[in-house]
Structures are given as structure tokens and as C-alpha cells.
Amino acid sequence: MRISGETAGTVRGRWAAVWLGGFSLLALLVASVASRAQAPAETAEELDRKLIAEARTGSQVMANLKYLCDEIGPRLTGSPALKRANTWAAERMKAYGLTNVHLETWSMPEGWQRGHARARIVEPENGRTLSVASMGWHPGTPGKVQGDVVILRAKDLKELAAYQGKLRGAIVLSGPPTQLPDLKDMEKIGVGFGPTGRKEKGKGAKRSFEEMMAFRKERADFLKREGVAALLMDAGKHFGLLFTSGGWRGTERPSATNRLPTLAVAHNHYELLYRLASRPAPARTRIELDVSNTFVPGPLPVFNTVGEIRGSEKPEEYVIVGAHLDSWDLGQGATDNGTGTSVVLETARILAKSGVKPRRTIRFILFTGEEQGLHGSRAYVEKHKDELARMSACLVHDTGTGKVIGLGGGGRAALRPILEKELTSLKELGLTEFTPRVSGGSDHASFDRKGVPGLMFKQERAGYGFTHHSQADTFDRAREADLIQGAQAMSVAALRIANLPELLPRTKE
Ligand SMILES: [Zn+2]
């Protein structure tokens with residue numbers, strides 16, 4: 001019971017009566033000791049074991065992922081499929097016994113629908129069609145267009161200026177082909193050797209990710225001004241896999257800024273184009289493109305799905321656990337981020353089923369618009385800014401199907417000893433790294449930017465580099481044992497943080 005000003009008087013009165021009758025007080029004490037002996041409170045370690053066991057016995061992690069992938073399908077931000085996923089996830093949360101389950105609206109400036117993307121080599125007449133995929137929130141071509149293939153070798157604006165007046169009608173290759181990693185290293189390699197991958201900078205890079213993205217924007221604007229027909233990039237993956245990405249900033253309309261048709265080309269086909277276009281004159285390389293995409297006029301409503309287990313002592317303080325429900329659309333959005341979604345739902349099920357009473361409220365959020373720039377989580381923290389000071393942490397699972405091996409992020413070294421002490425039960429499950437640095441951007445970053453410790457699970461790669469944003473991101477890539485372990489890690493971490501005496505420290509080092 002919370003004591004408001006009105007009830008305080010009667011409570012004081014009741015205690016006074018108890019003091020007056022010493023015998024009653026003694027009886028009360030005896031009764032309370034006796035009842036404690038009958039139902040001793042579970043220790044934190046016992047609770048951990050209970051959650052870990054529930055994850056093993058009643059797991060729904062694969063059943064939920066299968067439904068999401070096979071019956072709902074890929075979930076592009078703003079699409080009807082994503083809305084169906086929102087509603088379905090809310091139903092799951094209700095079935096597990098969460099409270100305050102609802103869809104929370106945010107607004108996106110424009111929707112986008114992928115059409116067809118066809119490409120073939122016209123000259124030399126070698127009969128090759130090319131495997132291509134359009135970047136998201138980018139335009140198509142005005143029907144069939146043909147153009148000479150030109151290799152762009154500009155790394156900065158000065159080098160770009162040298163192409164002025166020379167590219168009208170051309171179909172431009174963005175540079176030399178990507179150096180693919182050795183296949184034997186694939187299990188270890190993360191995302192982003194693709195054309196807009198987040199870690200393309202790699203070792204010894206001179207430019208930050210932001211600088212690289214800024215240059216790409218300027219490059220696209222320059223090529224559009226010069227009358228280029230399309231920009232082609234190396235999908236940067238083995239076995240002819242494709243890649244897609246793209247988005248917008250804030251409330252800007254993507255159709256106003258992404259004006260150049262931009263496509264990923266399967267690596268082997270990109271290499272072919274590069275070899276052909278490298279031949280000395282008079283050899284000519286010409287291709288035909290036919291790409292149809294549609295921008296859907298906005299603003300459009302989009303939804304995050306939210307549910308809670310209400311805190312027993314500090315219900316107005318929160319631990320957020322989340323993953324993103326939206327996905328790209330070349331595959332099924334299985335490992336990015338159906339797996340995280342399924343782990344969050346499973347965490348909700350495990351915690352609710354175990355009947356735990358967390359001190360703080362644990363809030364489960366399935367974000368949307370993550371892939372286009374963390375839009376759903378940014379909108380969420382904006383809308384909930386009055387609660388941010390009372391949020392202890394935001395935990396996110398978003399690096400594919402791999403087993404959880406660490407937790408950290410945000411550069412907060414002060415968290416390490418706390419997490420290390422609280423999460424001892426997870427060590428035997430393989431979660432051993434508590435690091436202030438975890439690579440990878442996801443929705444926790446939107447919270448972290450506003451001072452709430454944003455923590456991301458570090459996971460084994462488990463082939464994420466193959467599947468990420470490609471047509472191979474399908475259900476068969478998911479590994480049940482690892483996802484069960486992910487739900488164990490998430491449920492134990494969420495409950496432990498929710499039960500700490502204080503909110504997690506926010507100091508950064
Ligand atoms: Zn993701």
C-alpha cells in the first residue's frame with residue numbers, strides 16, 4: 001500500500017492501538033515470524049535458477065519466431081505486415097499476463113514499397129542478367145533505362161569534382177569491389193562489409209562512420225546533379241547474396257533527399273561489371289536497369305508494442321527490455337531482428353510465468369523504424385522524457401541468433417562491477433564479458449543518448465554476416481539453444497537490475 005497524506009492518519013492510529021495493547025503486538029510479531037517460516041522469500045540466486053529452468057522447459061521462443069517469419073513475413077517500417085506483427089506481439093504479451101499492453105504511435109514522414117529490380121548487360125552481348133536489390137527508401141528508374149557503366153574512383157569531394165560534366169546518363173559503380181573476408185572467418189565476422197554496413201570502416205580507417213555517411217550523401221547529390229541514371233554498390237557478401245539498407249533523418253522526407261536510384265549488386269556480378277568497365281577504350285560496357293519503387297505519401301502512423309510487469313515497490317521506476325520488430329524485406333527478418341523480438345517475448349513469458357515480483361517495473365518494448373535510423377525508439381524517449389530519470393537501463397538483443405557472451409555499452413565502466421556481481425548465475429551459461437564497449441547500434445542507443453544506461457547483449461556472430469539485411473535472413477538460420485540462452489540472460493539481467501537497491505549509475509568514463 002502506498003501511503004498518501006489522507007491514509008497516513010488512520011495508519012498512525014492503528015499503530016497507536018497496537019502499542020496500547022502490548023499483548024497484541026507480541027501476537028503480531030509471532031504471527032509474522034510464523035508466516036515467514038512457512039513461505040520464505042526466495043533468494044536472488046533461487047529466482048535466477050527458476051527463470052533459467054522455465055526458459056528450458058516451456059520455451060516458446062522458436063514457435064513465436066516461426067509465426068513471425070512464416071505467417072507474418074518481413075516487416076518493413078510502415079507496412080501492413082509490421083502492423084500485423086504489432087498486434088500479434090501485443091496479443092502474445094497479454095496471453096503471458098503482462099499489464100498495460102498497448103500499441104504506442106509515432107509518425108514517419110513517408111512509407112516505401114519495393115517493386116521489381118531488373119538488370120541485364122547489353123554490351124558486351126554476353127547474355128548476363130544481374131542480381132540487384134534496391135536500397136530502401138530510394139526511387140526506382142523511370143521505366144527501362146540504359147547507360148554506360150563508369151567506375152567512380154573518388155574518395156573525397158575534391159576527387160569527385162574531377163568527374164564534373166562527364167557522367168550524364170551513366171550507370172556508376174561506386175568504386176572497386178569489396179574485399180570479401182575469408183570464408184573460414186565468417187563465423188567470427190560481423191555485419192557491414194556490405195555497401196552501407198556500419199563497420200565498413202574497419203581497422204586503420206581514417207574516417208568515422210559519420211564522415212563516411214556524410215560523404216556518401218554528398219556523392220549521391222553530386223551524381224544526381226550530374227544526371228547519372230543510377231548508382232551501383234557491391235553487396236559485399238559471399239554466394240551472390242544481396243544487401244539492402246537506407247532510411248531518413250528525423251522528419252525529413254526521404255523522397256526529397258534520396259533522389260538517385262541506388263542498388264546493391266551481388267558481389268560476383270559487381271566484380272564482373274568492374275572487370276568489364278576496366279577494359280581500355282574503345283571497349284564499352286552498357287547495362288539496362290528497370291527498377292520500380294513507390295514512396296507512400298506521409299506522414300503515416302507507426303507503432304511500438306509495449307507491455308509491463310508492474311513493480312511491487314517502485315512501480316514508477318523502470319527497466320526497459322527491447323528489440324526491434326521491424327525488418328528489411330529481402331528475407332524474413334529472422335535474425336534481424338525476429339530473434340531479438342522472440343527473445344523479448346520469451347523473457348516476458350518466463351518472468352510472468354515464474355510469478356516474480358520485481359521491485360521496479362519491467363517494461364517490454366518492441367520498437368519499429370530501427371532499420372531506418374532508430375526512429376521508433378527516438379520517438380519513444382522523446383514522448384517519455386519525464387520518465388527517463390527513473391529508467392535504470394535499457395537492454396537490447398539485436399545481433400542475430402548467436403549465444404549471448406557479454407553485456408555492456410555506453411562507455412560506463414561503473415556498471416561493470418555491478419553487472420559482474422549480479423549476473424554470476426549467467427557465467428555458467430556463457431555470459432562472461434562485462435564491457436563498457438559493445439559494438440553495434442540499436443535502440444538502446446536512443447536511451448543512452450539521453451542518459452539512460454543503454455546496454456546491448458554481445459553475441460556470438462553465428463553467421464550474422466551472411467544473413468544480415470540479405471535474402472538469407474530466414475528462419476532456418478535461427479538456433480534454438482542460443483535463443484533459449486538469450487532469454488535466460490535477458491530475464492535474469494532484467495530482474496536483477498529491477499531488484500537493485502538503486503538505479504544503475506549513469507556516470508560515463
Ligand atoms: Zn537489427
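## Aromatic pairs

Rings of Phe, Tyr and Trp, the last by its six-membered ring, pair if their centres lie within 6.5 Å. In this predicted model, ring pairs link Trp-112, Trp-137, Trp-248 and Trp-328 into a cluster.

The structure holds eight aromatic pairs. One of them joins Trp-137 and Trp-328. Trp-137 is buried, at a relative accessible area of 0%. Trp-328 is buried too, at 4%.

Phe-239 and Phe-466 form a stacked pair. Here the centres are 5.9 Å apart, with 15° between the planes. This pair also links distant parts of the chain, 227 residues apart. Phe-239 belongs to the loop between β7 (230-234) and α8 (254-257), while Phe-466 belongs to helix α14 (residues 464-467). Phe-466 is buried, with a relative accessible area of 14%.

## Salt bridges across the sequence

Side chains of opposite charge can pair when their charged atoms come close. This structure holds 29 salt bridges. One of them joins Lys-383 to Glu-104, with the closest N and O atoms 3.8 Å apart. Lys-383 lies in helix α11 (residues 375-383) and Glu-104 in strand β1 (residues 99-113), so this bridge ties together parts that are 279 residues apart in sequence. Lys-383 is exposed, with a relative accessible area of 54%. Glu-104 is buried, at 7%.

Asp-329 and Arg-114 also meet in a salt bridge, at 2.8 Å from N to O. Both residues lie in loops: Asp-329 between β11 (314-324) and α10 (334-353), Arg-114 between β1 and β2 (117-123). The pair therefore ties together parts that are 215 residues apart in sequence. Asp-329 is buried, with a relative accessible area of 18%. Arg-114 counts as partly exposed, at 24% relative accessibility.

## A strand-to-strand bridge and a network

Arg-118 and Asp-290 form another salt bridge, 3.7 Å from N to O. Arg-118 lies in strand β2 and Asp-290 in strand β9 (residues 286-291), so the bridge ties together parts that are 172 residues apart in sequence. Arg-118 is partly exposed, at 48% relative accessibility. Asp-290 is buried, with a relative accessible area of 13%.

Shared partners join some salt bridges into one network. Its members are Glu-45, Asp-48, Lys-421, Glu-422 and Arg-496.

## Packing of α4 and α15

Two packed helices are described by the angle between their axes and the distance between the axes. Helix α4 (residues 61-72) packs with helix α15 (residues 480-499) at an angle of about 110°. Their axes are 9 Å apart. Angles of 65 to 115 degrees count as roughly perpendicular, and α4 and α15 are therefore roughly perpendicular to each other.

Which residues of α4 and α15 meet? Helix α4 brings Val-61, Met-62 and Leu-65, and α15 brings Glu-480, Leu-483 and Ile-484. By class, the contact has five nonpolar residues, one charged residue and no polar residues.

Terms used:
Residues numbered from 1 in each chain as written. Predicted model: local features only at pLDDT ≥ 70, side-chain atom pairs only at ≥ 80, totals over all residues. Heavy atoms only, no water. Axes fitted to C-alpha atoms, helices over the stretch in contact; angles between N-to-C directions. Helix = DSSP H or I, 4+ residues; strand = E, 2+ residues; numbered from the N terminus. Parallel < 35°, antiparallel > 145°, perpendicular 65-115°, else oblique. Contact = heavy atoms within 4.5 Å. Nonpolar A, V, L, I, M, F, W, Y, C, P; charged D, E, K, R; others polar. Salt bridge = Lys/Arg side-chain N within 4 Å of Asp/Glu carboxyl O. Buried < 20%, exposed > 50% of the residue type's maximum accessible area, 1.4 Å probe, protein only. Phe/Tyr/Trp six-rings, centres within 6.5 Å; stacked < 30°, edge-to-face > 60°.
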